[in-house]
Amino acid sequence: MSVNETADTGPAATGRRTGEETAGGGGTAGGAHIDWNALRDRARDAMARAYAPYSGFPVGAAALVADGRTVTGCNVENASYGVGLCAECGLVSELIATGGGRLVAFTCVGGDGTVVAPCGRCRQLLWEHGGAELLVEAPSGIRPLADLLADAFGPQQLAR
């Protein structure tokens, strides 16, 4: 995945995707070229390393960072259930451990390799590190996170 010199202001940049783009074509976000097929493949690779002996539902996530890096994560379950970690938690941990930055595109896959939507808790986690403009690939298509988490609580509320 590479970073383009120019930002696209068309449908690809706004998160409004055509069927071809949603299925895996390209697009840009904040000047970064998004190869959704490659991002999905990275999520599937992460999913293959998930630890999900209790639910049997492995999940992998991958995101493009504004600087061109890709970060990934997988779910890690625990016998006490409540302390299990979603794939997005691992992804954000990798983001911070490798220098931080802003997420610009995100996808998540389940055990059969198809796209799944992040849960509500994880949408909030993604908001913190990607904001309203983060492009999220959901089963319904690629949309800005603001569409999936309307009126989100974030750092700006704490600054009041």
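Two strands count as paired if DSSP finds at least two bridges between them. Strand 5 and strand 6 qualify: 2 bridges join them, in the parallel sense. The model is predicted.

**Overall make-up**

The protein chain holds 7 helices and 7 strands. From the N terminus, the elements run α-α-β-β-α-β-β-α-β-α-β-β-α-α. The chain has 160 residues, and 44% of them are buried. Take the contacts in the chain with a separation of 6 or more: residues 24 or more positions apart account for 59% of them.

Strand 5 spans residues 103–109. Is this strand mostly covered or mostly open? It is mostly covered, with 7 of its 7 residues buried. Strand 5 pairs with strand 3 and with strand 6, as set out here.

| Partner of strand 5 | Residues | Direction | Bridges |
|---|---|---|---|
| Strand 3 | 60–65 | antiparallel | 6 |
| Strand 6 | 135–138 | parallel | 2 |

Phenylalanine 106 figures in both pairings. It is the bridge partner of alanine 63. Phenylalanine 106 also stands opposite valine 136 in strand 6. In a regular strand, side chains alternate between the two faces of the sheet.

**Leucine 149**

Leucine 149 sits in the loop between helix 6 (145–148) and helix 7 (155–158).

Which residues does leucine 149 touch, leaving aside neighbours within four places in sequence? They are Arg123, Gln124 and Trp127. Glutamine 124 is 25 residues away from leucine 149 along the chain, yet their C-alpha atoms are separated by 7.5 Å.

**The largest pocket**

Rolling a probe the size of a water molecule over the atoms shows where empty space is left. The largest pocket has a volume of about 250 Å³. It is lined by 19 residues, and the closest to its centre are Val59, Asn75, Glu77, Leu85 and Cys86.

Methods:
Residues numbered from 1 in each chain as written. Predicted model: local features only at pLDDT ≥ 70, side-chain atom pairs only at ≥ 80, totals over all residues. Heavy atoms only, no water. Buried < 20%, exposed > 50% of the residue type's maximum accessible area, 1.4 Å probe, protein only. Helix = DSSP H or I, 4+ residues; strand = E, 2+ residues; numbered from the N terminus. 1 Å grid on protein atoms, 1.4 Å probe; cavity = no way out; pocket = protein on both sides within 12 Å on 5 of 7 lines; lining within 4 Å. Points joined across faces, edges and corners; volume = space filled by probe spheres on them. Contact = heavy atoms within 4.5 Å.
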